[in-house]
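Reader: I have a structure to look at and I am new to this. Can you show me how to read it?

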There are 2 protein chains.
Amino acid sequence: MQRFLTDYGIATSLTLGAVGLAGAIYLIRMVNSCSAGNDRMAEIAGAIQAGAKAYLHRQVITVSVIALMLFVAIGYLRDWYTAMGFVLGAVCSLAAGYIGMMIAVRANVRTAQAASVNPHAALRVAFNGGAVTGLLVVALGLLSVGIFYRVVLEYSGSGKIAINSLVGLALGSSLISVFARLGGGIYTKAADVGADLVGKIEQNLQEDDPRNPATIADNVGDNVGDCAGMAADVFETYAVSLIGAVLVAFLTAADQAKAALVYPFVICGVSIIGALLGIAFVNIVRVSPTVALIGGVAVSGLTSALLLHPVTHAMFPQAIEFSGKLVGSPALYTCVLVGIGMTFAAVFITNYYTSTAHRPVRRIAESCNTGHATNIIAGISTGHHATVMPVLCIAASIWLCYSQAGLYGIAIAVTSMLSLSGIIISLDAFGPITDNAGGIAVMSGLDPSVRKVTDELDAVGNTMKAVTKGYAIASAGLAAMVLFGSYVEELKAHLHQNFVFDLMDPRVMIGLFIGGLLPFSFTAYAMDAVGSAAGAVVREVRRQIEAFPGILTGKDTPDYRQCVDIVTKAALRQMILPALLPLIFVVGVAIIPEHGPYFLGGLLVGTIVTGLFLGIAMTSSGGAWDNAKKFIEDGNHGGKGSPAHAASVTGDTVGDPYKDTAGPAVNPMIKVVNILAILLIPILFR
Amino acid sequence: MQRFLTDYGIATSLTLGAVGLAGAIYLIRMVNSCSAGNDRMAEIAGAIQAGAKAYLHRQVITVSVIALMLFVAIGYLRDWYTAMGFVLGAVCSLAAGYIGMMIAVRANVRTAQAASVNPHAALRVAFNGGAVTGLLVVALGLLSVGIFYRVVLEYSGSGKIAINSLVGLALGSSLISVFARLGGGIYTKAADVGADLVGKIEQNLQEDDPRNPATIADNVGDNVGDCAGMAADVFETYAVSLIGAVLVAFLTAADQAKAALVYPFVICGVSIIGALLGIAFVNIVRVSPTVALIGGVAVSGLTSALLLHPVTHAMFPQAIEFSGKLVGSPALYTCVLVGIGMTFAAVFITNYYTSTAHRPVRRIAESCNTGHATNIIAGISTGHHATVMPVLCIAASIWLCYSQAGLYGIAIAVTSMLSLSGIIISLDAFGPITDNAGGIAVMSGLDPSVRKVTDELDAVGNTMKAVTKGYAIASAGLAAMVLFGSYVEELKAHLHQNFVFDLMDPRVMIGLFIGGLLPFSFTAYAMDAVGSAAGAVVREVRRQIEAFPGILTGKDTPDYRQCVDIVTKAALRQMILPALLPLIFVVGVAIIPEHGPYFLGGLLVGTIVTGLFLGIAMTSSGGAWDNAKKFIEDGNHGGKGSPAHAASVTGDTVGDPYKDTAGPAVNPMIKVVNILAILLIPILFR
């Protein structure tokens with residue numbers, strides 16, 4: 001059994017990856033087979049699809065130019081295997097986003113249609129639309145990493161070359177996902193804020209009113225930001241965690257023990273079974289949406305935990321040596337459980353801070369009674385409070401895993417945590433689909449009861465979205481730590497000398513400070529970008545309403561395309577600078593002669609530390625503000641139209657770039673920084 | 001000359017300290033000799049004085065209980081010299097705050113009176129009132145540290161005991177200043193926000209309208225927060241920097257070279273001459289307020305720089321060995337210049353981000369056109385942007401000083417930077433005095449032209465306040481780094497073994513994360529405290545207006561005392577938890593058996609890193625929002641009463657706890673953490 005798993009573990013996992021892919025295709029067909037509703041609905045959905053496609057096409061062109069330059073640079077400066085890995089990672093990351101978005105823009109109208117029949121059918125269509133992205137991300141991640149590794153190993157005949165080329169793949173996927181997260185995040189929030197500022201506040205229109213020229217852009221935004229951006233992001237975290245674990249195994253396992261190298265693939269493969277069962281569970285049971293979705297996660301996690309017990313023991317009958325420490329199967333299985341436990345902890349904690357059922361959101365809602373400012377203060381302080389428990393959990397996980405199995409233990413915990421992303425993303429993508437479904441229902445004049453059904457699902461989706469962000473940033477923090485460990489090990493291996501990053505070394509300290517400022521500067525640019533892009537939308541909407549007053553009476557049709565076009569261009573232009581910021585800083589610090597490796601080491605950790613806090617604080621504040629508004633809209637503190645509601649809208653609007661642009665874009669950013677550092681070692685340090 | 005300076009350097013410095021004290025007393029007499037205006041003015045000023053005294057008395061009682069417990073604990077667990085140092089530090093920190101505040105509440109009414117004569121006289125009274133605090137802080141700091149050191153040295157006959165007992169003094173002053181900053185900061189902002197929420201927004205009263213029951217509390221707040229809190233804070237930074245430098249000299253200089261130990265005292269002594277000349281400059285020249293004040297800083301800095309050149313060369317004719325590295329007088333003088341240069345850099349950068357003359361504030365003001373939310377986003381992003389340049393300057397300073405003279409070089413730079421605090425605090429304390437003067441002018445019904453004069457001075461004071469905050473947090477960051485270095489050196493000396501805080505050590509990494517969360521949690525509690533205390537004020541003001549409707553017509557006099565009382569109690573109750581947070585975390589981490597020193601080392605650095613960023617970001621955002629409001633009130637974007645103005649008021653209100661409670665309280669907090677760690681070494685690690 002041990003022989004089989006070690007020799008055929010990767011092949012078996014890849015087969016499971018193919019099964020996952022088949023599952024995704026099956027779900028796509030299932031979603032497509034649902035009724036797409038009447039002509040008006042098809043027309044609106046078509047406009048959203050066209051806008052989303054147009055954006056992604058332009059994004060591909062913009063990003064391709066930068067990627068091509070980097071491909072050539074990596075190929076010349078390092079090697080062409082790594083450069084090819086870079087392209088593969090970039091392509092897969094884009095593909096994950098693209099396909100996820102294409103199914104979302106089909107699922108949305110079908111969810112609206114299903115909602116007019118019965119609520120459970122609507123839940124199923126929306127969830128399955130999201131599950132396509134979930135399965136796709138894990139299957140594509142596993143298959144791309146596994147196949148590329150095997151192919152390079154075959155061609156080059158060198159394990160070292162094969163492993164190194166995976167770093168290229170990691171960089172490609174990370175870099176693209178920074179662009180996707182930023183570009184999509186700027187798009188969605190600029191359109192949202194812009195549409196609200198003129199529509200809701202100046203003209204007193206409802207959400208998704210077809211008379212608002214920016215309303216199609218707003219709905220496109222949900223898809224390119226929350227679907228495509230998020231899919232690219234989690235694809236990246238998944239692929240990078242897997243690669244990080246393989247890299248750590250290669251660098252620290254004695255005699256490069258094959259079982260250690262294969263084990264991360266096996267974890268990912270086994271978890272696909274868990275994801276499929278979880279998805280099936282949600283489709284079969286007939287309970288409340290929240291229970292069904294959380295149940296799906298539980299089924300998925302339990303399945304993985306149960307299956308990995310025998311598999312781990314079979315793969316490691318004897319202890320293996322990692323950096324001089326003997327590690328047996330109980331230790332490794334403990335790390336698996338820590339990773340799965342971390343997932344549940346992240347979900348639970350974020351839910352506490354962002355759900356309307358608990359004190360933090362209620363306190364924010366209450367603070368709306370005394371106005372805009374007290375609401376903002378309460379929301380920011382909630383974000384700060386929300387960092388404490390996740391960081392303590394991360395600290396505990398690091399300690400537990402490290403004492404069990406060293407750096408490899410942490411890598412295994414991250415891989416286990418990420419292996420659940422199949423089901424987790426399904427929950428996340430569910431949100432924007434139902435959001436869009438509601439928009440289509442309103443715009444196509446369906447019965448208000450339909451909107452009520454989608455609104456209920458949307459509220460569930462909102463909490464799920466907040467919760468998955470907590471999961472994403474916690475896993476990103478841990479994954480980045482593994483990458484930092486890989487940087488140090490790679491540095492040692494490459495330069496054949498020991499490296500100590502002592503806090504008393506001023507270079508390390510300076511690196512920490514410079515690294516620490518990266519997330520601050522990055523999020524500042526991201527927020528500015530939303531502000532300036534939203535300003536462009538506001539000006540265009542005002543212009544249209546002024547030029548064609550018939551728009552407001554419903555006599556003239558607004559020029560939706562123009563708004564879509566403006567926000568597309570603005571988002572793509574504004575994403576460049578912040579996305580290149582990490583590259584500039586890392587290269588700038590690394591090329592300092594002689595001291596480069598030390599400054600860089602400090603920088604990597606500094607970025608992880610402040611990035612983790614900013615990421616958690618910003619996504620939590622944003623989620624909490626959003627739900628505080630919802631809580632008031634449910635009739636508390638005066639309900640809709642009250643002064644408290646106006647204050648809560650301000651909080652929600654501040655929260656938009658917080659939770660959907662700047663905060664989540666920190667995840668891929670802290671990994672780009674670390675992967676780039678690994679990639680630069682053989683180029684810059686000799 | 002070298003013999004003289006080494007043998008009598010401390011005595012000479014103490015004499016200069018006494019001269020500074022004499023200067024402060026002279027200024028007090030000068031301020032007191034000015035006319036205090038008519039009876040109505042005296043009555044109002046009396047109410048403010050009474051409120052401020054009542055608050056400080058209660059604060060002393062509350063803090064004394066905690067200080068007494070710590071005194072006993074330190075005495076029993078460590079030694080009684082250190083415990084006495086702790087008490088001395090606590091008493092001096094309180095005294096600096098108390099005296100500074102007592103002169104401020106006398107200078108305010110005299111400034112109002114002087115403003116009715118001529119603007120320059122008003123500038124002089126207000127500035128001299130502030131200069132008392134400035135001179136007092138540096139003189140008291142130098143004298144307390146110097147005399148206590150000499151006395152313990154005399155009694156114990158051991159240099160080691162004398163140096164160690166200084167750590168107690170540092171902890172006493174730091175801990176008190178956390179309480180003073182928090183308590184005062186909560187007080188001032190709760191009263192301010194509370195008074196505004198009901199007065200300005202609900203009842204449409206102007207600032208300082210005597211019909212507002214919270215208006216006296218608001219004016220008391222300026223004194224207990226911006227005067228007493230700030231004075232305690234800077235006293236602490238000053239004393240701690242001096243102690244840190246002495247400690248580093250003792251721990252790293254070969255044979256504990258006496259010159260190295262005396263040099264920090266000499267820097268402080270010489271700078272008192274600079275401070276006196278700077279204060280004289282502001283009193284003598286007749287130019288615009290901004291030019292006069294900035295000129296005073298320039299005179300002060302140049303004097304110190306010029307005088308320290310010959311002094312440094314005379315003290316170090318030969319190079320001295322620090323941790324095995326030979327350091328000569330040119331290197332040390334370079335560090336002095338770096339410290340003075342850092343002061344100007346901090347002033348310049350903060351001014352750029354918070355003054356109405358530059359792009360960031362103008363951009364925030366512009367964002368008010370699109371509402372509350374865009375204003376908040378622009379302000380937060382400005383705060384994030386504002387971290388970049390100061391941190392890069394700090395990084396450059398660390399590199400330069402370390403390469404010149406190791407850890408001692410950084411300590412010398414910090415001491416030089418802090419030696420300018422005599423003149424810098426004069427600028428800072430100037431703000432609340434003019435603010436109060438304006439309040440008294442309005443409440444006592446002086447001619448509106450008086451308010452106009454004080455308003456102009458207040459605007460200058462606002463920028464100065466923002467600028468000195470940038471200086472305070474930058475110096476706090478550097479001082480904390482020196483303390484961390486002392487922690488490590490002390491650890492090595494105490495346990496007779498080498499300690500390496502490697503980033504690859506999971507304990508260090510976990511420490512970094514836990515340390516990083518401290519400033520986030522601390523600021524969250526501080527913001528919550530303002531919110532809840534302000535809520536209490538709002539309820540009381542509403543109650544009074546409802547019970548006595550005559551208050552609004554001017555028929556009934558509001559019960560000011562009741563508001564003062566409520567906010568006093570609330571501030572004192574709310575400051576306890578956040579102030580104890582650092583103690584709890586440090587002790588909690590340090591007592592982990594075996595691994596304590598490593599976790600703790602990581603924690604110290606983690607706190608410095610995120611604390612520095614949060615401190616800069618929060619104070620900058622707050623200052624920028626405040627001035628964006630002022631910019632709009634000057635007639636831009638529609639001026640007072642426009643929707644843009646309403647949005648800017650929201651930003652200003654959010655900025656209040658940002659810049660006056662949470663942000664500045666981070667400074668003493670990051671030092672408490674580091675000093676406590678040093679103090680715990682002989683108690684916990686054996």
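Author: Start with two terms. Helices are DSSP runs of at least four residues, numbered from the N terminus. The lining residues of a pocket have an atom within 4 Å of one of its grid points. Keep in mind that this is a predicted model.

Reader: Which helix gives the most to the lining of the second largest pocket?

Author: Helix 14 of chain B does, with 10 residues. The elements that give two or more residues include helix 5 (159-202) and helix 18 (596-633) of chain B.

Reader: How many residues of each class line the second largest pocket?

Author: The lining has 25 charged, 15 polar and 7 nonpolar residues. The space inside is about 1,300 Å³.

Reader: Now the two chains. How is the size of an interface often given?

Author: As the accessible area lost when the parts come together. Here chain A and chain B bury about 6,000 Å² between them. Carbon and sulfur atoms hold 85% of that. On the chain B side, Met504(B), Phe513(B) and Phe520(B) lose the most area, together 13% of what that side buries.

Reader: How many salt bridges and polar contacts are there between chain B and chain A?

Author: There are 2 salt bridges. Arg363(A) forms one with Asp528(B), with the closest N and O atoms 3.2 Å apart. Polar contacts join 13 residue pairs. Helix 15 of chain B supplies the largest share of its side, 17 residues. That side divides into 46 nonpolar, 17 polar and 5 charged residues.

Definitions and conventions: Residues are numbered from 1 along each chain as its sequence is written. Chains are lettered from A and ligands numbered from 1 in the order in which they are written. This is a predicted model: local features need pLDDT of at least 70, side-chain atom pairs count only at pLDDT 80 or more; totals for chains, interfaces and linings use all residues. Side-chain values use heavy atoms; hydrogens and water are left out. On a 1 Å grid over the protein atoms alone, a cavity is a set of points where a 1.4 Å probe fits but cannot get out, and a pocket is an open set with protein on both sides within 12 Å along at least five of seven lines; lining residues have an atom within 4 Å of a point. Grid points are joined across faces, edges and corners, and a volume is the space filled by probe spheres set on the points. Ala, Val, Leu, Ile, Met, Phe, Trp, Tyr, Cys and Pro count as nonpolar, Asp, Glu, Lys and Arg as charged, and the others, Gly among them, as polar. Buried area is the accessible area (1.4 Å probe) that two parts lose on being put together, summed over both. A salt bridge is a side-chain nitrogen of Lys or Arg within 4 Å of a carboxyl oxygen of Asp or Glu. A polar contact is a pair of N or O atoms within 3.5 Å; within protein, one must be able to donate a hydrogen and the other to accept it, and residues adjacent in sequence count only if both atoms are side-chain atoms.
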